[in-house]
Amino acid sequence: MTSMLFIINDAPYGNERAYNALRVAAAVAGKEGQQVRVFLMADAVACGKGGQKVPEGYYNIQLMLGKIIRKGEVLLCGTCMDARGLRAEELMDGALRGTLAQLADWTVEADKVLVF
């Protein structure tokens, strides 16, 4: 099995970096023999917030992240969450608070690391 780690730094809305990262991650997760992990840092921790409501016709990062969670793993930087006042109980189902140590482990274990 090949392992890919996606590290996302940008907010879910305002530019398309998180959107494009999750599009690629979902496409990879749909391939046989691929393990996908996503680590959300900095403003990207807002991607994991539950209850997102966007105008009709716009992409919904929470729904996109949900597809990844069903096939892979998603962690949010705990320090980044704290800095933004995001509590663990506000996270969408399957997204978990993570640590820099976990990111280091995932990075060492990954065959490929993509940073957005």
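## Burial and the position of Ser3

A residue is called buried when its relative accessible area is under 20%, exposed when that area is over 50%, and partly exposed in between (1.4 Å probe, protein chains only). By this rule Ser3 counts as buried because its relative accessible area is 6%. The model is predicted, and local features need pLDDT of at least 70, side-chain atom pairs count only at pLDDT 80 or more, and totals for chains, interfaces and linings use all residues. Residues are numbered from 1 along each chain as its sequence is written, and side-chain values use heavy atoms, with hydrogens and water left out.

Ser3 belongs to strand S1 (residues 2–8), where helices (H or I, at least four residues) and strands (E, at least two) are DSSP runs numbered from the N terminus. Leaving aside residues up to four places away in sequence, Ser3 touches Gln35, Glu109, Ala110, Asp111 and Lys112, contact meaning heavy atoms within 4.5 Å.

## Salt bridges

Side chains of opposite charge can pair when their charged atoms come close. A salt bridge here is a side-chain nitrogen of Lys or Arg within 4 Å of a carboxyl oxygen of Asp or Glu, and the structure holds eight of them. Glu109, one of the residues that Ser3 touches, meets Arg37 in a salt bridge of 2.7 Å, N to O. This pair links distant parts of the chain, with Glu109 in helix H4 and Arg37 in strand S2, 72 residues apart. Glu109 is partly exposed at 46% relative accessible area, whereas Arg37 is buried at 11%.

Another salt bridge joins Arg84 and Asp43 (2.8 Å, N to O). Arg84 is partly exposed, with a relative accessible area of 40%, and Asp43 is partly exposed as well, at 41%. Arg97 and Asp82 also form a salt bridge, their closest N and O atoms being 2.9 Å apart; because Arg97 lies in strand S4 and Asp82 in helix H3, the pair ties together parts that are 15 residues apart in sequence.

## Aromatic pairs

Rings of Phe, Tyr and Trp (its six-membered ring) pair if their centres lie within 6.5 Å, and planes under 30 degrees apart count as stacked, over 60 as edge-to-face and the rest as tilted. A search of the whole structure finds four aromatic pairs. Among them is the edge-to-face pair of Phe39 and Trp106, with 6.4 Å centre to centre and 85 degrees between the planes. Phe39 lies in strand S2 (residues 34–40) and Trp106 in helix H4 (residues 100–109), 67 residues apart, and both residues are buried.
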